Number of protein chains: 2
Amino acid sequence: MSELGNLTTMEVDALTDADGGLNLTDGHARLVLSPQQAAIVARIPEMFADASRRPFRDIEREAHATFLHALGQYSAPIGSGRILSCYSSTLATDIVARALPAGARIAVLHPTFDNIADLFITRGLRLVPFSEAELLDRDWPMPPVSAIVVTHPNNPTGLVTPEGHLRSLAEHAARHGQTVIVDASFRGQVGAAQYDTYAVVGAAGTDWIVIEDTGKLWPTHELKIGLLAYSERTRLPIGRAFSESLLSASPVVLQLVAALATDWIDGGYQRARALVDRNRAVVRDTVAEVGLRLADPASEISVARIELPANGPDSSLLYKDLLARGVHVLPCPPFHWADPAAGLRYIRVSLARPFAAVQVAAQRLAQSYLELSAAVAAPTR
Amino acid sequence: MSELGNLTTMEVDALTDADGGLNLTDGHARLVLSPQQAAIVARIPEMFADASRRPFRDIEREAHATFLHALGQYSAPIGSGRILSCYSSTLATDIVARALPAGARIAVLHPTFDNIADLFITRGLRLVPFSEAELLDRDWPMPPVSAIVVTHPNNPTGLVTPEGHLRSLAEHAARHGQTVIVDASFRGQVGAAQYDTYAVVGAAGTDWIVIEDTGKLWPTHELKIGLLAYSERTRLPIGRAFSESLLSASPVVLQLVAALATDWIDGGYQRARALVDRNRAVVRDTVAEVGLRLADPASEISVARIELPANGPDSSLLYKDLLARGVHVLPCPPFHWADPAAGLRYIRVSLARPFAAVQVAAQRLAQSYLELSAAVAAPTR
């Protein structure tokens with residue numbers, strides 16, 4: 001499986017494909033701006049001027065409030081100094097990984113985006129996989145696990161941690177002195193994930209860290225912010241780790257985020273959802289013609305997994321065949337970071353793309369699957 | 001000395017000062033846009049549209065070529081895939097630190113910005129200080145040192161590594177199987193540092209890594225790129241470390257960099273230099289009135305160190321007194337990462353600020369020094 005590389009490597013290959021292949025790898029929004037978004041982008045030069053006139057702390061605070069309130073996070077510690085603006089959610093995750101004590105045992109949701117596990121491992125932490133079934137059964141990790149990382153909603157499955165489950169986890173963690181870490185990078189796409197997470201973890205009296213991300217919501221060409229928020233009682237050296245990584249995020253990007261968040265609650269969310277829903281439907285219907293189905297039909301995030309039957313070609317094979325057909329998708333073994341073989345039955349496609357791109361990619365995927373299935377069924381012909 | 005925190009922590013304090021104090025801490029350009037720069041910023045919405053129309057690899061390649069050629073780096077490996085665009089030079093440094101083998105012994109220039117040393121230490125490397133005097137004497141570190149990190153020009157001293165010295169270092173490293181690492185983040189400000197570094201290290205046949213930065217040149221509110229370039233023979237897992245940190249820099253920022261680099265060689269450099277020179281002169285003349293002088297009068301970078309006599313107040317004391325006067329500067333102990341006490345005789349002020357801010361800050365510094373000197377001379381009164 002190692003020949004696949006990590007997921008980001010495959011995403012970079014797609015992004016830099018000299019032959020102009022279809023890139024359905026990453027979860028970023030690669031879409032035409034809506035008229036409302038285009039009007040906001042047209043104001044960036046003004047935001048530039050404002051960034052010189054207004055104090056940074058005011059711009060940052062306004063961006064935090066506007067973005068987090070747009071996503072239902074009314075109890076986030078705005079203005080407390082405990083929300084750090086990072087260049088990306090990946091950097092926020094790495095800062096958390098650095099602040100955790102080296103050698104600590106950390107439970108991480110499984111499957112999930114491999115980068116999360118990789119960053120923790122690279123910083124010398126010892127990872128324990130924690131399955132979605134265990135989460136749904138409220139079968140929480142016990143000490144010596146000292147922190148539990150939940151991706152909410154999960155990537156690639158779209159699983160939302162229900163509010164009651166998060167409360168149960170937070171109360172469990174408070175009893176056992178564990179830290180609850182929530183990576184909510186895809187939260188903005190899913191209404192059900194927008195209950196007030198900070199109220200839940202705050203009420204339980206546990207140590208908590210929450211990562212938020214603007215990078216998956218809007219087609220802003222990597223002009224984005226990852227937020228790292230943490231509880232007042234947290235004793236980890238997060239501020240120090242942050243200061244090793246950056247001085248500050250861009251006040252221009254913070255203003256852009258505030259403006260797009262305002263649009264998000266003023267119809268932007270519905271417009272984006274309609275597009276992703278339509279794309280999910282065309283993938284579902286196209287692969288159904290060759291007997292395939294979505295693994296997570298209820299998922300609302302901007303990616304979809306397709307389930308591959310055990311007697312047919314696996315996702316590693318399908319991935320490579322699709323590359324030859326000019327389509328970049330992601331085979332799922334790396335998401336199953338503790339058990340890559342379990343990911344061979346899934347392949348992931350991005351939905352935040354123009355409809356035509358998703359439709360063509362789904363058709364080629366279906367065709368590839370058909371031809372590979374014939375070859376698998378009669379390997380000696 | 002540890003009570004001072006690291007340099008970035010002090011820079012963050014200045015940036016987020018609620019009372020609106022004068023921030024002369026970081027080396028970033030905090031200036032009004034020139035008319036030429038403002039015209040470029042006005043085109044950002046077009047760059048946004050172009051980022052959707054043009055392939056990312058074309059935009060990135062053009063930005064690399066325009067920026068690196070503007071700084072005289074004609075032999076940089078443009079188009080080879082060995083120049084990685086990062087969110088910042090700090091992130092580029094961290095990627096290098098991660099790619100180096102844990103436990104390796106690395107020589108790092110001393111003094112230099114503490115963040116460079118901190119990032120290497122945090123990744124488990126063993127640091128050996130390497131002084132500017134040793135550099136000027138061509139007294140190169142011997143194995144077991146496996147990599148040598150030179151900041152060129154150095155921050156805070158402005159020392160440029162002369163071309164012949166870099167050649168000597170690269171030939172030494174080639175003989176001993178060492179890697180030469182050049183952090184050229186301040187290169188764009190200093191003509192003497194713009195000889196073709198890539199030609200020099202390439203000719204010597206050594207392993208090399210060069211970090212470049214757009215973040216110190218223009219008042220772009222943290223819209224910037226750090227470049228990480230490396231030699232073809234380098235066997236370190238740099239690509240893997242990069243993929244753990246990010247998918248890609250912003251194609252909007254890459255276009256902005258290309259446009260500003262074009263302006264830089266079309267008069268922008270001279271305009272910026274005139275401003276920094278004027279600010280350096282007002283600092284020099286103002287502190288001279290109280291008997292102080294610049295530590296590095298020949299430095300051309302956008303910061304200046306002021307030397308403090310041994311019988312007067314040190315920079316830790318002066319730093320704290322200036323804070324009370326609403327002026328943020330940097331005491332130099334953290335730059336002397338292996339011997340903080342050696343930095344007590346220096347204090348650093350930023351010059352890429354509006355003239356009035358630099359003038360007022362220099363006046364308050366002079367006044368503070370006078371009053372503290374009187375107190376030091378007669379501590380019992």
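Predicted model: local features only at pLDDT ≥ 70, side-chain atom pairs only at ≥ 80, totals over all residues.
Helices (H or I, at least four residues) and strands (E, at least two) are DSSP runs, numbered from the N terminus. Residues are numbered from 1 along each chain as its sequence is written, chains are lettered from A in the order in which they are written, and side-chain values use heavy atoms, leaving out hydrogens and water.

First, the backbone. Most residues other than glycine have a negative phi, and most peptide bonds are trans. B:Arg138, though not a glycine, has a positive phi of about 55°. You will find B:Arg138 in the loop between helix H7 (132–136) and S5 of chain B. With 40% relative accessibility, B:Arg138 is partly exposed (buried is under 20% relative accessible area, exposed over 50%, partly exposed in between, with a 1.4 Å probe and protein chains only). A:Glu222 also has a positive phi, about 70°, but at 11% A:Glu222 counts as buried.

Chain B has cis peptide bonds too: one runs from B:His110 to B:Pro111, with omega near 0°, and another from B:His152 to B:Pro153, with omega near -5°.

Now, how many residues does each chain bring to the contact? Chain A gives 51 and chain B gives 51, contact meaning heavy atoms within 4.5 Å. Four salt bridges link the two chains, each a side-chain nitrogen of Lys or Arg within 4 Å of a carboxyl oxygen of Asp or Glu. One of them pairs A:Arg240 with B:Asp118, whose closest N and O atoms are 3.5 Å apart.
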